[in-house]
Amino acid sequence: MAIVIPFSASLRAPLASSPPLLRIANLAAATCARRLRCYGGGTAVQLQRQQEGKNRLGSPELVALEYAGLNLPHKLSEELGHVRTRQHVNPLSSSFSMPAQAPNWDEVLEDPTLPLMVDIGCGSGRFLMWLAKANPTGNYLGLEIRQKVWHEHLGLLLAHSAMTLILAKRAECWAKELALKNIHFLFANATVSFKHIISTYPGPLVLVSILCPDPHFKKKHQKRRVVQKPLVDSILDSLAPGGKVFIQSDVLDVAVDMRNLFDERYDLLQHVDSIDPTISCDVDGWLLKNPMGIRTEREIHAEFEGANIYRRLYQKKLA
């Protein structure tokens, strides 16, 4: 299993392959056509107007473009409405204190002996599905804690169990639509469930990602942040030698907190630029590029708003 997937040409997927992207393209073309009728034609003017149409795309359209290669069914997204990607929950609440039940791996994965990647805080699951589709020789597990999601289309606050959680429901439907047999999603509090779940997995754990987790900005709430020493210890106890941990955030304070906790485990971890000098970091030690080949939805939204993304990639020592 390739632990770090090379940069891909996912943005070069044909627009015609996805219904929502057809609407985006048609809207941009219609806008350009109207402007050309008003101001006059010409190749240079037409190209300029087309570029203006592209620049006017919002972050949801950019997310659709990023994941065009998945050809996800758009109808389910419309039925479920918009789901907030940053909705804080309190992982210290008593309702999240019991470990989630580990799945029967033989039932949820075609080959549970394959190397496993776990994405903590998987959200809609598109990021993980893209990786699962690109790499069928590995398995992928998404863990998501958010039990309450705002269904703006209906204007209702819906509380769901693990089986009816909107994010998990949509992710599972998408995975089935794509006929992916190497991916599974669980509603779980990673802090109390990670080690319990992974200890039952038959194959090796080779990659853990924690990408743009809830920041919990207020100082009194920062103890709710997902990356705390117990989770770091659980990850490192479960990770195979040579396995990797990828963390990133668009909030510097959160990124520094995560970095400090993983840097403290220099007895077991080393940052990848100390292993491979060709990997580029800035002067502060943050990776300059996303090594996964695809951006998360939160990452796309943050960059659209002009935010920086702070990334670190660690490898567990072989001995």
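The dialogue below tests the terms used for this predicted model against its values.

Tutor: Two conventions come first. This is a predicted model in which local features need pLDDT of at least 70 and side-chain atom pairs count only at pLDDT 80 or more, while totals for chains, interfaces and linings use all residues. Residues are numbered from 1 along each chain as its sequence is written, and side-chain values use heavy atoms, with hydrogens and water left out.

Student: What makes up the protein, in helices and strands?

Tutor: There are 11 helices and 9 strands. These are DSSP runs numbered from the N terminus: helices are H or I with at least four residues, strands are E with at least two.

Student: How much of the protein is buried?

Tutor: Buried residues make up 50% of the 319 residues. Buried means under 20% relative accessible area, exposed over 50%, and partly exposed in between, with a 1.4 Å probe and protein chains only.

Student: Why is the link between glutamate 66 and arginine 295 called a salt bridge?

Tutor: A salt bridge needs a side-chain nitrogen of Lys or Arg within 4 Å of a carboxyl oxygen of Asp or Glu. Here the closest N and O atoms are 3.0 Å apart. The pair therefore qualifies as a salt bridge. Glutamate 66 sits in helix α3 (residues 59–66), and arginine 295 in the loop between β8 (269–271) and α11 (297–304). They are 229 residues apart, so the pair links distant parts of the chain.

Student: Which of these two residues is buried, and which is partly exposed?

Tutor: Glutamate 66 has a relative accessible area of 4%, so it is buried. Arginine 295 has 24%, so it is partly exposed.

Student: What makes aspartate 233 and lysine 229 a salt bridge?

Tutor: Their closest N and O atoms are 2.8 Å apart, so the pair meets the cut-off. Both lie in helix α9 (residues 229–238), 4 residues apart, about one turn of the helix. An α-helix has 3.6 residues a turn, so residues three or four places apart point the same way.

Student: How do you know that arginine 298 and aspartate 250 tie separate parts together?

Tutor: Their closest N and O atoms are 2.9 Å apart, and they form a salt bridge. Arginine 298 lies in helix α11 and aspartate 250 in the loop between β7 (239–249) and α10 (252–263), so the pair ties together parts that are 48 residues apart in sequence. Both residues are buried.

Student: Why is α11 called mostly covered?

Tutor: Of its 8 residues, 6 are buried. They are Glu297, Arg298, Glu299, Ile300, His301 and Ala302. The cover includes α3, α6, β7 and β9.

Student: Why is strand β1 called largely enclosed?

Tutor: 5 of the 5 residues of β1 (residues 116–120) are buried, so the rest of the structure largely encloses this strand. Leu116, Val118 and Ile120 point one way, Met117 and Asp119 the other. In a regular strand the side chains alternate between the two faces of the sheet.

Student: How do you know that β1 and β2 pair?

Tutor: Two strands pair if DSSP finds at least two bridges between them. β1 and β2 (residues 139–144) have 5 bridges, in the parallel sense. Pairing therefore holds. Valine 118 stands opposite leucine 141 in β2. β1 also runs parallel to β6 (residues 205–211), joined by 5 bridges.

Student: What makes the unit of β1, α6 and β2 right-handed?

Tutor: A crossover is right-handed if, with the strands pointing away from the viewer, the path from the first strand over the helix to the second runs clockwise. β1, helix α6 (residues 126–134) and β2 make such a right-handed β-α-β unit.

Student: How do you know that lysine 316 has a polar contact?

Tutor: A polar contact is a pair of N or O atoms within 3.5 Å; within protein, one must be able to donate a hydrogen and the other to accept it, and residues adjacent in sequence count only if both atoms are side-chain atoms. The side chain of lysine 316 reaches the backbone oxygen of leucine 236 at 2.7 Å.

Terms used:
Contact = heavy atoms within 4.5 Å.
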